Amino acid sequence: MNDVEKIVKEHIKGSREYMKKVTSSKRLATNFLIRAGILTKSGKRLAKPYR
């Protein structure tokens, strides 16, 4: 296995662990979507580009 494959496998593993954590509660999921810019800062509506 070369370095690129190793990096990709580590990234996929980390991504899966993070998404499992984020989707474990509504509060964490909302915070993630706000930080990603998908929801407004209040978390009540989609951000303008997603409307």
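Predicted model: local features only at pLDDT ≥ 70, side-chain atom pairs only at ≥ 80, totals over all residues.
R27 counts as exposed, because its relative accessibility is 58% and the cut-off for exposed is over 50%. This residue is found in helix α2. Along the chain R27 and G43 are 16 residues apart, and their C-alpha atoms are separated by 9.9 Å.

The protein chain has two helices and zero strands. Its radius of gyration is 15 Å, whereas the globule rule gives 10 Å for 51 residues; the value is well over the rule, so the chain is more spread out than a compact globule. The box filled by the C-alpha atoms, taken along the principal axes, is roughly 45 × 25 × 10 Å. Of the 51 residues in the chain, 6% are buried, where buried means under 20% relative accessible area. The accessible surface of the chain comes to about 4700 Å². Carbon and sulfur atoms account for 58% of that surface.

The two helices can now be taken together. Helix α1 covers residues 3-22 and helix α2 covers residues 26-36. Their axes come within 8 Å and cross at roughly 120°. On the α1 side the contact is made by Y18, M19, K21 and V22, and on the α2 side by L28, A29, F32 and R35. Sorted by type, the residues of this contact comprise six nonpolar, two charged and no polar.

Which residues does F32 touch, leaving aside those up to four places away in sequence? They are Y18, M19 and V22, and each of these is also named on the α1 side of the helix contact. F32 itself is found in helix α2. The C-alpha atoms of F32 and M19 are separated by 9.7 Å, with the two residues 13 apart along the chain. F32 has a relative accessible area of 25% and is therefore partly exposed, since the limit for buried is under 20%.

Between the helices lies a loop, and S25 has its place there, between α1 and α2. S25 counts as partly exposed because its relative accessibility is 26%.

Terms used
Residues numbered from 1 in each chain as written. Heavy atoms only, no water. Axes fitted to C-alpha atoms, helices over the stretch in contact; angles between N-to-C directions. Helix = DSSP H or I, 4+ residues; strand = E, 2+ residues; numbered from the N terminus. Contact = heavy atoms within 4.5 Å. Nonpolar A, V, L, I, M, F, W, Y, C, P; charged D, E, K, R; others polar. Rg over C-alpha atoms; globule rule 2.2 N^0.38 Å. Buried < 20%, exposed > 50% of the residue type's maximum accessible area, 1.4 Å probe, protein only. Areas by Shrake-Rupley, 256 points an atom, 1.4 Å probe, with all protein chains shown as cover.
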